[in-house]
Amino acid sequence: DSSRKVKKLKRIEKLQGNLDIAVLTLEGVIASSSEEGGRYRYVTESLSELAQIKPDVLLLRINSPGGTTGASEEIYRSVMALKRNCGTKVVVLMEDVCASGGLYVAMAGDRILAKAGTLTGSIGVILQGIEYKEVLDLLKVKTRTIKSGKFKDILSPTRSMLPEEESLLTEMIMDVYEQFVQVVAAGRKMSVEEVKAFADGRVMTGAQALRLGLVDALGGYDDAVEVCRKLAAIPEDEEHEMESWVGPEKNLLAKFGLASQVSVLNDFAISAKLSGMPLWLMPRF
């Protein structure tokens with residue numbers, strides 16, 4: 001609404017060119033949405049705002065199991081644009097979970113920290129579908145499909161997949177997988193072969209990720225802030241300007257302490273909605 005826009009403009013005017021460290025939190029399933037107050041929209045709008053403010057360093061806190069390819073890539077590209085166009089350094093802090101699409105976004109970091117028990121990795125792509133043709137046959141139910149091309153009903157649950165369809169989908173999945181591997185290789189200054197040695201969908205801890213070179217150090221929030229101070233060349237005894245972008249404004253549910261439960265339900269709803277679409281592999285524990 002208009003009041004929020006006014007607050008945003010005032011913050012930009014106040015902080016533009018004067019912000020040492022910005023803190024932005026990315027959490028939950030990463031999926032494109034134009035929903036007002038939604039987390040994805042909040043993160044993308046916040047990155048746009050930060051591009052105008054031009055902070056010296058961005059501390060990006062990620063707590064996400066992954067999400068869709070397009071949304072993960074868009075956030076990654078927005079962070080990379082912030083670095084390229086504004087000269088902003090980026091420090092990533094992996095929280096409880098930073099896997100798959102969350103890891104993809106993390107690769108934009110100049111420095112990456114994780115907790116020893118962080119769940120990360122899951123570098124891979126998955127496409128799933130359900131086939132219930134035999135159930136329909138048992139019930140003597142027939143389906144009729146009118147389509148413009150032979151692949152238009154690919155992954156239809158009412159029939160078996162043809163070998164040429166499986167080949168087509170495998171080619172698509174592997175193309176997206178190669179893009180993912182290239183991003184990790186570029187972000188961590190590794191060869192593609194080095195990345196593929198562990199880019200098989202496996203989930204790992206932060207401590208294991210450190211040994212593999214996926215993160216630079218183990219640590220928490222205070223450690224990440226200290227890294228930010230060093231990148232911004234702020235002396236230890238000197239005050240610094242720090243501003244946080246922590247998420248959409250709290251609604252009525254949040255005020256009554258129900259936000260976390262609703263967040264979990266929203267993640268399940270998004271996952272269900274995306275079923276059958278190309279996803280960054282999301283670990284389920």
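Which residues make a nonpolar surface patch of about 630 Å²? Before the answer, a note on the model: it is predicted, with local features needing pLDDT of at least 70 and side-chain atom pairs counting only at pLDDT 80 or more, while totals for chains, interfaces and linings use all residues. Residues are numbered from 1 along each chain as its sequence is written, and side-chain values use heavy atoms, leaving out hydrogens and water.

**View A. The nonpolar patch around L138.** I130, Y132, V135, L138, L139 and V141 make this patch. Patch members have over 30% relative accessible area and no salt bridge (a Lys or Arg side-chain nitrogen within 4 Å of an Asp or Glu carboxyl oxygen). Nonpolar side chains (Val, Leu, Ile, Met, Phe, Trp, Tyr) are joined within 5 Å, like charges within 9 Å. Areas come from Shrake-Rupley with a 1.4 Å probe, and for residues only the protein chains shown count as cover. L138 sits in helix 5 (residues 133–138); helices (H or I, at least four residues) and strands (E, at least two) are DSSP runs numbered from the N terminus. L138 counts as exposed because its relative accessibility is 69% (exposed is over 50%, buried under 20%, partly exposed in between).

View B. E236 lies in the loop between helix 9 (221–231) and strand 9 (242–245).

**View C. Strands 2 and 3 side by side.** Strand 2 (residues 57–64) runs parallel to strand 3, joined by 7 bridges (pairing takes at least two DSSP bridges). Here L58 stands opposite V90 of strand 3.

Conventions. Buried < 20%, exposed > 50% of the residue type's maximum accessible area, 1.4 Å probe, protein only.
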